[in-house]
Amino acid sequence: MSPACHAPQRWDRIRNTRRSRPHGRAALFVTGATVTVVVLAACGSGGTSGGGGNTNFVTGTDGIATAKTGERDDAPDLSGETIDGKRLDVADYKGKVVVLNVWGSWCGPCRLEAKGFVKVEADLKDQGVQFIGINTRDTSTQPARAFEKEHGVTYPSLYDPTGKLMLRFKKGTLNPQLIPSTLVIDRDGRIAARALQALSEEKLRGMLEPVLAEK
C-alpha cells in the first residue's frame, strides 16, 4: 500500500452536547448530540463509505469516485424548502443530469469553488444539466442568500441546516460526507459520481462530462 493510500477507519462516535461552527478545509456532518466521524479510503481501487462493506464505485487519483452505469444507486428523496422559501424536489429533474453541491456560507472551500460552479452552470444549463445546492449548517437562510448574491449563484439550494437530507443516503453508497461535497446524478436519478473536496472548474467539467455524454 502506497503512502497516499489510507485504509478505511472505523466509525468513532463522540458524545458531545455542544455544537460548534465547523472550520478548516472541510467539515463533517453533525446531527443532534452525536458526532459521527467517517474516514474515506483514499485508494484508487475504490473505497468504503458510510461504515464499510463492498462498494460498486471506484475512486480515481483525482479523488473523484464513479460508478458504472449498471452499478449505480438511486438518489434518495431530496425534497424540501429552498433558502428562498420555495418547494423543491430533486426527483422532478429526472431526465436531466443533476449536479448536487453541498455547501455552507461559512465554508472557505465552498467560496473557492463557487465561481467555477457558476461558470459551468451557465455554460451547460441549456444542455440538460440542472445544478442544485444543499445549504447546510447555516443557522438561518440570511447568510446563505448573501453567499449566493456575492458569488452570483442563480440555481436553487435546499435549506438543510441540521443535515437531515444527508442522512437519507444509504451507507456504502456514493454519499456526501464532507462540506463541500458534490454529486452527479444521471438522467435516471442514479448517483454516478462524487467528490469529497472543493472542485476547480476543470475538475467539475471532467466529473460531469462523461455522464452528460451518456445516452
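Visitor: Before we start, what makes a helix crossing left-handed or right-handed?
Guide: A crossing counts as left-handed if the near helix is turned anticlockwise from the far one by less than a right angle, and as right-handed if the turn is clockwise.

Visitor: OK, and which kind do α1 and α2 make here?
Guide: In this predicted model, α1 passes α2 in a right-handed crossing.

Visitor: Where are those two helices, and at what angle do they pack?
Guide: Helix α1 covers residues 108–124 and helix α2 covers residues 141–151. They pack at an angle of about 55 degrees, and their axes are 10 Å apart.

Visitor: Why give both an angle and a distance?
Guide: Because two packed helices are described by the angle between their axes and the distance between the axes.

Visitor: So what's the word for how α1 and α2 sit relative to each other?
Guide: α1 and α2 are oblique to each other.

Visitor: Which residues meet there?
Guide: From α1 you have C110, R111, A114 and V118, and from α2 there are F147, E150 and H151. The residues of this contact divide into four nonpolar, one polar and two charged.

Visitor: Let's zoom out. How many helices and strands does the chain have?
Guide: The chain has three helices and 14 strands.

Visitor: And how much of the chain is buried?
Guide: Of the 215 residues in the chain, 47% are buried.

Visitor: New topic: the backbone. What sort of peptide bond joins I179 and P180?
Guide: That one is a cis peptide bond, with omega at about 5 degrees. P180 is in the loop between β12 (178–179) and β13 (181–185).

Visitor: And what's the phi of R137?
Guide: Phi of R137 is near 65 degrees, a positive value in a residue other than glycine. In general, most residues other than glycine have a negative phi, and most peptide bonds are trans.

Visitor: Where is R137, then?
Guide: R137 is in the loop between β10 (129–136) and α2.

Visitor: Buried or exposed?
Guide: R137 has a relative accessible area of 14%, which is under the 20% cut-off, so R137 is buried.

Visitor: How about L167, buried or exposed?
Guide: L167 is exposed, with a relative accessible area of 61%. L167 lies in the loop between β11 (157–160) and β12.

Definitions and conventions. Residues are numbered from 1 along each chain as its sequence is written. This is a predicted model: local features need pLDDT of at least 70, side-chain atom pairs count only at pLDDT 80 or more; totals for chains, interfaces and linings use all residues. Side-chain values use heavy atoms; hydrogens and water are left out. Axes are lines fitted to C-alpha atoms, for helices over the stretch in contact, and angles run from 0 to 180 degrees between N-to-C directions. Helices (H or I, at least four residues) and strands (E, at least two) are DSSP runs, numbered from the N terminus. Angles under 35 degrees count as roughly parallel, over 145 as roughly antiparallel, 65 to 115 as roughly perpendicular and the rest as oblique. Contact means heavy atoms within 4.5 Å. Ala, Val, Leu, Ile, Met, Phe, Trp, Tyr, Cys and Pro count as nonpolar, Asp, Glu, Lys and Arg as charged, and the others, Gly among them, as polar. Buried means under 20% relative accessible area, exposed over 50%, partly exposed in between (1.4 Å probe, protein chains only).
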